[in-house]
There are 2 protein chains.
Amino acid sequence: MDPGRPQVTLQMLADRLGLHISTVSRALHAKPDEGRRAASSATIARIRKLADELGYRPNPHATSLRTQRSNLVGVLVPRLSDLVLATMYEGIEEAASEVGLSTFVTNTRDVPEVQRSHTEMVLARRVDGMIFGDAYVDGGFLDEIAARGVPFILVSRRAAGHTSVTCDDYLGGRLAAEHLLGLGHRHLAVIAGEPYASTGIDRTAGFVDRCAEEGVTVPAERIVHSAFDAPGGRRATETLLASTNRRGGPAPSAVFAVNDFAAIGAMGALRDHGRRVGSDVAVVGFNDTSLAAELPVPLTSVRSPMHQMGRRGLQLLNQLIAGQAAESERLTPVLTVRASSDPAAG
Amino acid sequence: MDPGRPQVTLQMLADRLGLHISTVSRALHAKPDEGRRAASSATIARIRKLADELGYRPNPHATSLRTQRSNLVGVLVPRLSDLVLATMYEGIEEAASEVGLSTFVTNTRDVPEVQRSHTEMVLARRVDGMIFGDAYVDGGFLDEIAARGVPFILVSRRAAGHTSVTCDDYLGGRLAAEHLLGLGHRHLAVIAGEPYASTGIDRTAGFVDRCAEEGVTVPAERIVHSAFDAPGGRRATETLLASTNRRGGPAPSAVFAVNDFAAIGAMGALRDHGRRVGSDVAVVGFNDTSLAAELPVPLTSVRSPMHQMGRRGLQLLNQLIAGQAAESERLTPVLTVRASSDPAAG
DNA sequence: CTGAAAGCGCTTACAG
DNA sequence: CTGAAAGCGCTTACAG
């Protein structure tokens, strides 16, 4: 905060102009239309000119202290190294700068104690509101935060009783099922993600329900929880294949992973077991991250509007901060078919 | 900043205890050893007890205003959706919270005007220092920032005249070359990254130099610049293959991509052209991101200590802020061999 | 050992 | 149209 040359203050501007600091402050805040109340237009022009020349930037700590508004937003995500969350955060940041807010992000690794402690740190910084990208579906912790009167919005994952911006994950699961059923698959498996995340829960539910409508059952042992990353997808797939070997019966001809990275891990594991993705076994992922199209076997994936989710999340939070209401939103996913499920798709 | 229930202030603590606010402040800051000067130990105990009970958290805006220190650090990265930068940022955040600093991150997409404007925004927030993960190798912009007296450290990329924490990229390039030469490859190509990033420049230089030592020349048209992502790697590979077709002569038997994502794009393109990665053509990446090992054809990669780079970067910045000197560091990379270059590696 | 005062840089009713 | 004052919540020499 002491970057070499001393910062320009209102007082310095006032001294040089022979005006009172309060006049300078008013002039700098005057909207073009309501300019008449602040100062004469000539004075306003002089003040603004000098402020520009000296590069005046209001000290945000002083402003925050005085106005009781920090224009700061705290963002919690499981991990920024997850492309899904990073992309969502880019949307949040973009929307924040459009409305003059700054954001703190922090990684909680989905660990409840870390969620707690980082929330306290963020609140200690006197943010105006928060965005949670790491909600547990039960929402117990969030109930406490809400009770403290902190405005917040959930993104990516929903939780009972709180406002969220999510992908319509249930629909996304249905789209995946429809696609695979249409290709004639009847022996299906799901790599379902973490049990506490609504994303995995809803995508799995949509998938299973749509299958049931077609008279196809996805047996419980074919639905395996997993971390939302490549190693997680690999492990889940090993579990899946091992249980098939143990029980006998037909191996799954198609695998739906609720996340692209888990899908990539699944592709690796399937290949290790001599099964060729796209021809021997179909794989469908979720999110349509930028990697999906570029893989050696391009990955069929349900695209979720991650960037947009971040943007809307911030905009809703901004409404809340302004004292307006905000309602949950579900954005529509789109299926993109590629060679991992349909060799004809190139 | 108005989360429902009013925040506890020093004044509230002082009133309840019948003490002066300055006494409360001193007591709360007293180190256990130098406690005698602050207040009697009985008083200190009373004060701390009440502070704990009421959950007192100092208002950081007031503290910053008074102390002229914000304990805030600004971090600029090209994009957080690049796993390399995201992992580095996790290291920065971790180290920051260990020393009581908070961080702002922002994406500049390697666009100079965005770097400028975001730097100004960050500085307007009165940060105590900055970390740049998006340095251009020429360092012109950074010279200006340095001239303004802002303490900062570069991570990932170096730039002439500024302190940086990088991977020893030159050595990394040499390791990649040594590996491929040892496998008998003589027709080599490089996907070299962006021309303004020292990472790509140094990795390429190390690779080319090591080849030269073995009497192997990497022709200029076999060194292709690229974006640091999968689409970039795919495009660069297409360029490479097209130029080979045009000129005739042997196609490259091995490709070194200065980034794992570019390598993934390269693998996709090679496969599209009917070349099997691992057997027909070797591919080596850089960074050893968590995806490398999980790909259908696991990727040989030079591991760079991304997390550690972030940690050290913040620690050096903290030294600078404390008025101490800081010297550039280069962390050592390690080659991990996998099937993309050596089928025997499984 | 504790209190009183000044001041960090700003905003905002209130005068005049 | 402009000025003067109060105060946001804290820290820190300085008294006593």
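A:Asp288 is buried, with a relative accessible area of 6% (buried means under 20% relative accessible area, exposed over 50% and partly exposed in between, with a 1.4 Å probe and protein chains only). The model is predicted, so that local features need pLDDT of at least 70 and side-chain atom pairs count only at pLDDT 80 or more, whereas totals for chains, interfaces and linings use all residues. Residues are numbered from 1 along each chain as its sequence is written, chains are lettered from A and ligands numbered from 1 in the order in which they are written, and side-chain values use heavy atoms, with hydrogens and water left out.

Although A:Asp288 is not a glycine, its phi is positive, at about 50°, and the residue is found in the loop between β9 (282-287) and β10 (300-303) of chain A; helices (H or I, at least four residues) and strands (E, at least two) are DSSP runs, numbered from the N terminus. Most residues other than glycine have a negative phi. In chain B, a positive phi of about 50° is also taken by B:Arg109, again not a glycine, which lies in the loop between β2 (102-107) and α7 (112-124) and counts as partly exposed at 46% relative accessibility.

Two helices of chain A were examined for length and burial. Helix α12 (residues 260-272) has 13 residues and reaches 18 Å from its first C-alpha to its last, close to the 18 Å expected at 1.5 Å a residue, where the expected span is 1.5 Å times one less than the number of residues. This helix, α12(A), is mostly covered, since 11 of its 13 residues are buried, among them A:Phe261, A:Ile264, A:Met267 and A:Leu270. The buried residues of α12(A) pack against α6 (83-98), β6 (188-191), α11 (230-247), β8 (254-257), β9 and β10 of chain A, contact meaning heavy atoms within 4.5 Å. For the 14 residues of helix α9 (residues 169-182) of chain A, the end C-alpha atoms are 20 Å apart, which agrees with the 20 Å that the helix should span at 1.5 Å a residue. Buried positions of α9(A) include A:Asp169, A:Arg174, A:His179 and A:Leu181, and just after the helix A:Gly184 takes a positive phi of about 95°.

In chain B, the axes of helix α6 (residues 83-98) and helix α13 (residues 306-321) come within 7 Å and cross at roughly 40°; axes are lines fitted to C-alpha atoms, for helices over the stretch in contact, and angles run from 0 to 180 degrees between N-to-C directions. The two helices, α6(B) and α13(B), are therefore oblique to each other, given that angles under 35 degrees count as roughly parallel, over 145 as roughly antiparallel, 65 to 115 as roughly perpendicular and the rest as oblique. Residues making the contact include B:Val84, B:Met88 and B:Ile92 of α6(B) and B:Met306, B:Arg311 and B:Leu314 of α13(B).

Helix α1 (residues 10-17) and helix α2 (residues 21-29) of chain B pack at an angle of about 110°, with their axes 8 Å apart, and are therefore roughly perpendicular to each other. Here B:Leu10, B:Gln11, B:Leu13 and B:Ala14 in α1(B) meet B:Ile21, B:Val24, B:Ser25 and B:Leu28 in α2(B).

Finally, B:Leu241, in helix α11 (residues 230-247) of chain B, is buried with a relative accessible area of 10%. Leaving aside neighbours within four places in sequence, B:Leu241 is in contact with B:Leu270 and B:His273.
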